[in-house]
Amino acid sequence: MRSRLVVIASYELVDKNDKNMLDQKAVDIINKLLTSNDVKAKIAIGEGELDAAQMLYQGQTFSHQQAITIDIAVDPIEGTIPASKNEPGSISCIAVAKNNTMLQIPEMYMEKLFLSQDLAVIVDFNKPIEAILLTLLKIKQNLSCIILNKPRYQKIIKTMCQLGIKVELINEGDVLGAIDVVLKKTDFLYGIGGAPEGVLMSALAIATNYKMFARLIRYEQIWPNEKETALRMKIEQQGLEQKKISYNTIFFWTRFSCW
């Protein structure tokens, strides 16, 4: 219901081609809702440390001198660009869990695989994605995948097509893509996108008895030649040390287990 209120209240900025203003409007609305109600919550995943957000930042608490009881992961608008252009591919997301049970993860890139339990049972996420695809094809021949239409995916998209896997391309929105998997519009989602969105997708996996595998990806692997890469790598390393995780950590989420 709260997400619906965000969408309605932000509607005046749809089709204005200003994704930053639209995102800020959605942030303001959710922050006001959490501040003005008797919410005893902590932001586990929010607007991001790198943006130095003043609202909905990781660790922000909402409590009137009462003990925190819930963790919140929130993305006021996932897919701000299509929303600003009045195109499909945007959603307002919020997930809630018991206090100190939601993974607080640095703002990084994350490799993600979201699929049903039937397919997930044979997945070894320590293996390369090409090997995983061959394993999945042993279970189901007419596979379909949803994946972001980004230059970094062209090689794996080509591989999927060569293997006979039907590929559906989307421009934005990992979470919406995962919802399409749950709705059985496609068999699985694969890609490398934001880690915060990955936590929201993990909540979807837990709620629907689907499964998600993930690992963090180095910024330099995606953007090796950018001038900010060295600084981003330092920030990433500090975040990993603080959270006591590494690039080799395999995360998996389903209804009865998570890490």
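This is a predicted model: local features need pLDDT of at least 70, side-chain atom pairs count only at pLDDT 80 or more; totals for chains, interfaces and linings use all residues.

Colleague: Fine. In β3, which residue is the bridge partner of I45?
Modeller: A73 is the bridge partner of I45 in β3. I45 itself sits in strand β1.

Colleague: How many bridges join β1 to β3, and do they run parallel or antiparallel?
Modeller: Four bridges join them, and the two strands run parallel. Strand β1 covers residues 41-45.

Colleague: And what about β3 and β4, parallel or antiparallel?
Modeller: Antiparallel, over seven bridges. For β4, K98 stands opposite I70.

Colleague: What order do the strands take in that sheet?
Modeller: The order is β2-β1-β3-β4. It is an open sheet of four strands with mixed pairing.

Colleague: Which strands stand at the edges?
Modeller: β2 (61-62) and β4 (91-98) do. Each has a single partner strand, so one side of each is left without a neighbour in the sheet.

Colleague: Is β3 mostly covered or mostly open?
Modeller: Mostly covered. Eight of the nine residues in β3 are buried.

Colleague: Which strands does α2 lie across?
Modeller: α2 lies across β1, β2, β3 and β4. Relative to β3, α2 runs at about 155 degrees.

Colleague: Back to I45. Buried or exposed?
Modeller: Buried. I45 has 2% relative accessibility, and buried means under 20%.

Colleague: What does I45 touch, leaving out residues up to four places away in sequence?
Modeller: The contacts are Q58, I72, A73, V74, L103, I105, P196 and V199. A73 is also the bridge partner of I45.

Colleague: How far apart are I45 and G59?
Modeller: They are 8.2 Å apart in space, C-alpha to C-alpha. In sequence, 14 residues separate I45 and G59.

Colleague: Which of them lie nearest the centre?
Modeller: D75, E107, E172, G194 and E197. Several elements give two or more residues to the lining, including α2 (19-36), β3 (70-78), β8 (188-194) and α8 (195-208).

Colleague: Which element gives the largest share?
Modeller: β3, with four residues.

Colleague: How does that lining divide into nonpolar, polar and charged?
Modeller: The largest pocket has 14 nonpolar, ten polar and 14 charged lining residues.

Colleague: OK, cavities. How many are there of 30 Å³ or more?
Modeller: Two. The second largest cavity holds about 30 Å³ of space.

Colleague: Which residues line the second largest cavity?
Modeller: L148, Y153, I170, D174, L189, Y190, G191 and I192. Here β8 gives the largest share, four residues. The lining of this cavity has six nonpolar residues, one polar and one charged.

Colleague: Last one, the whole chain. How many helices and strands?
Modeller: Ten helices and eleven strands. The chain has 259 residues, and 47% of them are buried. Of the contacts between residues at least 6 apart in sequence, 67% join residues at least 24 apart.

Technical notes: Residues are numbered from 1 along each chain as its sequence is written. Side-chain values use heavy atoms; hydrogens and water are left out. On a 1 Å grid over the protein atoms alone, a cavity is a set of points where a 1.4 Å probe fits but cannot get out, and a pocket is an open set with protein on both sides within 12 Å along at least five of seven lines; lining residues have an atom within 4 Å of a point. Ala, Val, Leu, Ile, Met, Phe, Trp, Tyr, Cys and Pro count as nonpolar, Asp, Glu, Lys and Arg as charged, and the others, Gly among them, as polar. Two strands pair if DSSP finds at least two bridges between them. Contact means heavy atoms within 4.5 Å. Axes are lines fitted to C-alpha atoms, for helices over the stretch in contact, and angles run from 0 to 180 degrees between N-to-C directions. Buried means under 20% relative accessible area, exposed over 50%, partly exposed in between (1.4 Å probe, protein chains only). Grid points are joined across faces, edges and corners, and a volume is the space filled by probe spheres set on the points.
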